Amino acid sequence: MSDEREPSSDVSRRRFLAVLGTTSAGAVALSGCSTERVEKLIPYLVQSEDQVPGIPTWYASTCTECSAGCGLHVRVREGRPVKLEGNPEHPINKGALCARGQAGLQGLYNPGRVRAPMVKQGGAWKEISWDDAIALLAQKIGAAGGKLAVITGAGRGTFSSFLGDWTSAAGGRVVRYQPFDLEPVRAANARVFGRDEIPAYDFAAAKYIVSFGADFLETFGSSTEYQLAYADAHGFTPGREAAKHVYFAPRASLTGLNADEWHAVVPGSETSLALAMAGVLLQQRGGSVPGMPSVSVDDAAKATGLSAETITRLAKEFASASPSLAVAGGIGSQTAGATELCAAVNLLNFAAGNVGQTVRFGADLDHGDGFGALEALSKSMASGEVEVVLVQEANPVFTAPRATKFAESLGKVPFKVSTALYFDETAAASDLLLPSHHALERWDDLNARNGVWGLMQPVLTPVFNTMAPGDILLKTAQKAGGSLAKFSAASWEDQLKSTWQARFPGGDAMWRAALARGGVYQDAVVVPVTLASTDVTAAAAALEGTGEFTLLPYASSHYFDGRGANRPWLAENPDPVTKITWQSWVELSPEAAARLNVREGEILKVTSPHGSVEAAAYIYPGLRADVIAMPLGLGHTELGEFAKGRGVNYLDLLGPVSGAFIPYVSVKVQVERTPAYRKVAKTEGNTRQLGRGIAEAMPLVHAEQGLTLEQSAKAAGHPAHEINTPRELEALQGWREGQVGREDGQGRRLGNYVGEHAMWGMAVDLSRCTGCSACVTACYAENNIAWVGEDQVLRGREMSWMRIERYWEGGFDGEPIEARFVPLMCQHCDNAPCEPVCPVYAAYHTPDGLNGQVYNRCVGTRYCANNCPYKVRYFNWLAYNKKAFPEPLNLQLNPDVTVRARGVMEKCTFCVQRIRVAQHVAKLEDRALRDGDVVTACQQACPSRAITFGDMHDPGSAVLKVKESPRGYHILEEINVRPAVTYLAKVLRREPVAHAAAGGEEQH
Amino acid sequence: MAVIAQPPPTQTHADVTRDVVGTLSPATKGYNLMLAGAVGLFLVGAVTFTLILRDGLGLAGYQPPIFWSVFITTFVFWVGIGHAGTLISAILFLFRSPWRTAVYRATEAMTVFAVMTAGLFPIIHIGRQWIFYWLLPYPNQRYLWPNFKSPLVWDVFAIGTYLTVSTLFLIFGLIPDVAAVRDKVTGWRKQVYGALSLNWQGTDNQWRHYSRAYLYLAALAAPLVLSVHSVVSWDFASSLIPGWHGTIFAPYFVAGAIYSGVGMVFTLLIPLRKYLKLEHMITDYHFDNMSKLTLFTGTILLYAYGMEYFVAWYSGNTFEQTTFWRRAFGPGWWGGWTMIICNAGVSQLLWFRKIRTNLTALFVISIFVNIGMWFERYVIIVSSLSNDYIPYAWDTMTPTWADWGILAGSFGWFGMWFLLFAKNFPIVAIQEIKEFIPMPRKHTASAGHH
Amino acid sequence: MAKSSKVTAGVLASFEHIDAACDTIRALRAKGRKDITVYYSHPSHELEEACGHAVSPVRLFTLIGGLTGTTAAFSMQIWMNRDWPLLVGGKPIVAIPAFVVIGFELTVLIGALSTLFGVFFLSSILRNKGVTYDGRFSDDRIGVFVPAGPDQAPALERMFTDAGAVEVKRAA
Amino acid sequence: MRKSAWITLAACAAAIIAIAAAGRPSGAQQPSGPVGVVLTASDSAAFKGPRQPVYFRHDVHSGQYKISCQYCHYSAAVSNEPGIPSMQTCMGCHLIIGGADSANQLQIALVRESWNTKKPIEWVRVHSLARHVHFPHSQHIKAMGPNACATCHGDVSRMPQVYKVNNINNMGWCINCHLARNVNRDCTACHY
């Protein structure tokens, strides 16, 4: 599809795009006056059918940011992808997309990409032609005589199997290596059910969800899919029984913060807990699992540090809900005994009858060969059994702990080839670089699970001089000849296409349909399983070292295994839990901090038997006192300007790996204070809402009775949060019918007080929102928001139009700490305080009820921002637009949105560009706007489906229905600015803790 | 409290002219050094502003939600300074209070230059300085007009009017004195002053219209003094930010302005009078009266501060309460206390006549007043913004070199103009002093009117 | 001091004593002379009274200027707000209370400017009447000038000397 | 003397009003240009507007041969962007049409060369809208019909070389039209 779309190869594609970029109004810096300098218009040589300037073309593709294999819709304007959205037809993500997936675009346009084939000569890199590069590789492989090894990060699919054939034809072996590969889950399934696979979890059907450290909302398996289901199960829908969620782990991850109960158990003790719960469950249900090791509640209590009552209560609750779901296998609970834990949880699920219900085998979610395979290869490399190693889109040098000495073993290989997209640590260690196409530049597919085949197609001509890995292999094979000569396909595209047509019936029609839908989706056959073994060791695995703290490294929800580190969208999108950007940090519990007399930002030296790192302290209430936690993914020595030298890599603290997986929680560490200090670049000010009713919540029972917040508060005996008395409201009502009306209808016509215009409004359901921050990245991508970098974030100058506020409730004298997440964007108030104070009408009220912001009119007095009670206006203090979009990142800019220049105020516009386009389309089709024609970027991306948007004058609109919910409230209602955004109170499975008093605890 | 009677005139008209014209004698080394210093400071500011024009306001210490800080603080500070002058020259003129005569010219000059300084800030502080004129209602091809509902536009008009009127007032009062100078000096200076005197000859016809007009100008300027700082205060009061949204702001700001203005008068006049040898014209009598003015306005501030905290507590409004609790005990506590001590506190010393007549003490106090009043604005602006409705957005800030550079520049700019004026124009109003010195009479018997 | 092409012929007397000056002026006015010019260095009610002028009409300029300012301000704001009506903060398009401030400011501004204009317009500042002047009048002397041809001059000179003028000279 | 002062006063007032009036931009003026006589590329220097790498004559294509604007500017009716014709569109005709006289042949040769060498012609842009304005061509054609182009671009069918007839970056000029037709002049209709 893309090949027809190419202009001549002589005209630099990039320049061509840049020029078209300027012709399409918008995607270039806002300039105060008209543009009189000479611009060139460069036409296509051949106009492609599917590209009309000014109109986006959508291509279906598949996300490769993790092994989940979500479906993508790629928005292409003037031949360049400008936004990634979820594919609504795709069975896994159903249109949603996480922050990491959306940031794939910054992977495509990443300045850190390898731009051409290069060979290392005397330590220096030298650019060479593809022909020479291929010839060199072919010659080396020929010479290697079968002593060839391939490490690939590719997902399961046509390519990986082709790679397998290719390598074995060359006499070598392939290791398919993916970090966070859930090896324990598979091992446990293999042992207990005789199936070495990752099952499909059905969170939506579960009535009771127990997670033993599995962060299924962030990094555990197919998190977007799980989040969609979780929001349906756990979020509040009138008339639907809402599931309860309990989380057992030493640290409350984002998943833990969303749980109704988080219990900080001793690291490694989850196994006995799971077995004890299974025991109680069987007692209550009166069943039995022959041979299941029994652990008494008291032993479990001793091991976990929980009270026996709690364990019994939770076990009984779990037992009385059906179907329920227990999951384990998260990085944060991956001790050496992780397999035992997963096995125990398998037994728990089995005992509860969840297997086949909410735990379905047969799907076999994509996974690699596990770390054990890599370790084995590493050993043979060390012993010189490998002549040539080809590393393909994997970065083991970074993701394998230093103590495993992978880098050293790799160094022993005479000839190392990398087909990395980015100049990462492994690429730097290699001798020959054959840069691959990005997934959006090539033909490929991904078999994320049985039945689901995602297809990828090139949606733009390659940004750099790269090649599809498939073509690299084919060309090399044809060059090398011999046993490889049989791979004779003319191009990887042909090979893939023919493979597909062999795989699925329907020929070309099937192919076209698959391209349009993004793949072929069938339901996996659910395979019934029987209990193969019940042997589980309940005892927690021993920890190495003598330090007073257990080290708990966890997968960062933004950087994942580190591949996200060079993407400003992810670096500047605050960590959902700590709200820290750009930096690495060490989490201590308040108790530990008090004991060591550590304040936030002090640099701590963390020492394990295998090494030590230094990072700033962050005091986190969601942590056991005897544990310190650290996010993985930073501390790169390569990978590009944004990642290099930023933060520290906590894997350096881990020891050598003996088993099949990396036991992340395996060492005890010593923590020392250092005199150094580094301000933590977090975006939060005060961590408490001081009883201001910003993030409201009500007990489940009240929600079910359909009480309003006031009624609920009264019922719970809390003082209702202050609002205007009816008399005051009546008096304030004046502005609408009274004053404006008097303006001979003019005000009515201008402002949106009668139904002749749309009146845009939004609703956010806090019982669904998990705080995952996917919407934040969506907003950055859609609205050309500039990232500002660590130094500016330290000055509080981040520009995120949409921010997820996280407030702590409770946590005093023993009551549980509770997190409340509120996505805060411009509230588009009817009585907007920002409007009247602008001296030049840059901020004003549009006829369709938007709070308009006219960038080119703005002179930058910043009074609007001062007067905004929600503090959702952002100012361009410096020329962020110049800094944030270095070539080729500028190719991502959305042509429909003006890029704001220095000295200008900006804010959420309710995606006004999408509204206008929808209106234009409707007008061309001679019809009125329909509900759902306008979907804001945040709403589209939200994997919890927490956001609804629409016209409040349309009586049938979805947004009105949501707004009518009794849980609905306006933030800061008492100041009567009449926001257009309604929030639906969070629903708690217990009494909400009383609000802290004004002037209460703060963290600065 | 004890009153110092106005001293009986000891000089003749000729002495007055001689002494005042004497102040225009060629500059001394000390003067030139001070002038050089002022110009130096001004250049610091100029360079800082150039860099801000190049890179953006981000060079300053702004830290959202604190979108206004040192620049607006300094703006309000200088507007405030600009109040004593017109108050003394216009309002006291209407009240026929005799002690203004000797000092009003100096204070008026101070006013004009202070407002000239303040007038720069609306330009300096905006994000796109090069289009500041969009705030003015001028016909343009876009058909767009400014938003007259915005306090910032009120501000533009208020400051503009105040600058124009006070300048006119100064020039107008200068005309007869410049004529007097013209008739004393010789050579090219005679030509210059001759031109500046607009051909004033002091004929009966000229005096007739002149004195009337002066009265009306005073009558117009008097309410202006009160209005200008009220308008400036509404920049804050008409917002909904806790700590800004107060009904007492107008009187509170006006009192503060006069307080700071008189303070600055002390700071300027005490050295100046010594340097220009005007001790016998500007006497304890004048300082005593100005001290009483300071004491009065200072006491109003004391009340206003108290009232702010009281209202915050009494309102039961959690936002107000938090703001003021943090103003006193939060991260910016030092600013809050500096303002209370330097203004409300120090001014109370002036109950004692000994202090009112001790110029050293007055000078020291005046320095405290200047510092205190700058901090008052800093605290009102920064501490209120740093913690308003949404706790998640709360933050604090520290000024950077750019903030200090502009602040220094503003002092340099002001000092430069004032020094130049003091050396080249009669800093004491010759004609009005004479008005209070009876002319010799031939027959004392036939004095008075038939 | 300003030179002029044609100098009005007449007699210029300067006094040190204010009462002498006043008496002289009154005497001259009693004789019916209207074209006297009196020079003095500072506002003096005594002399103004002696000259016996009516109240200056400059106040009319102030009044008219002020009123013009008020109307200009309000009409400008109302018209401009209706010319391109934009809704801000749910306030009415024409919000009179918000316009009061600028209404006041322009009243004062234009009032002051026209007052000043009035002075220049009415008094003879900026224009040289071509009468004889003496630098000491701005210091400690009072001057009285009476236009007179050679025929009347001697009489006037005598009168001035008797009245106690310290200096009498003839301008021609 | 006094009279002169009064006159000055009046003059100032008049001046102020004059300035105010001047602020209002005038409407579009009609384009002018010789009707399609044979011209050589060298003549193009004589005409208004930038010289193009190829002396493409709108007056011939649009004027003489009455080719509709949207034949080449294919997306004007459906998109914000009018679209510039691909080289293929040019060749569609000029594969056959070689030009009547030497002058034309010379220019058409350039087009064919660019096609053969796959080097697109780099046209000089005539109408460049400020980047903070979003102008939906489709909406205007929808509202004013397919021949509305001349309203803003002038009558190119009479232009041997296209030049800017209206200052499209003069907002008042847009507003005049919107006022006259009493259509939306909300700021965020164009600025977002």
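I looked up the surface of chain A first: it exposes about 30,300 Å², and carbon and sulfur atoms supply 54% of that. Accessible areas come from the Shrake-Rupley method with a 1.4 Å probe, and for residues only the protein chains shown count as cover.

I note that this is a predicted model, in which local features need pLDDT of at least 70, side-chain atom pairs count only at pLDDT 80 or more, and totals for chains, interfaces and linings use all residues. Residues are numbered from 1 along each chain as its sequence is written, chains are lettered from A and ligands numbered from 1 in the order in which they are written, and side-chain values use heavy atoms, with hydrogens and water left out.

**Chain A**

I checked the overall dimensions next. The C-alpha trace of chain A spans about 90 × 80 × 65 Å along its principal axes.

Of the 1004 residues in chain A, 69% are buried (under 20% relative accessible area, 1.4 Å probe, protein chains only). I found 32 helices and 38 strands in chain A (DSSP runs numbered from the N terminus: helices are H or I, at least four residues; strands are E, at least two).

**Strand β28(A)**

I then took strand β28 (residues 760-765) of chain A. Six of its six residues are buried, so the strand is largely enclosed by the rest of the structure. In a regular strand the side chains alternate between the two faces of the sheet. Here Trp760(A), Met762(A) and Val764(A) are buried on one side, and Gly761(A), Ala763(A) and Asp765(A) on the other.

I looked up the pairing too (at least two DSSP bridges between two strands). β28(A) pairs in the antiparallel sense with β35 (residues 947-951) of chain A over five bridges, and Met762(A) has Phe949(A) as its bridge partner there. With β37 (residues 981-984) of chain A, β28(A) pairs in the parallel sense over four bridges; Tyr983(A) is the bridge partner of Val764(A).

**Val428(B)**

My last entry is a loop residue: Val428(B) sits between α14 (401-424) and α15 (430-435) of chain B. I find Val428(B) buried, with a relative accessible area of 1%. Leaving aside neighbours within four places in sequence, its contacts (heavy atoms within 4.5 Å) include Val20(B), Ala102(B), Arg105(B), Asp177(B) and Leu278(B).

How values were computed:
Buried means under 20% relative accessible area, exposed over 50%, partly exposed in between (1.4 Å probe, protein chains only).
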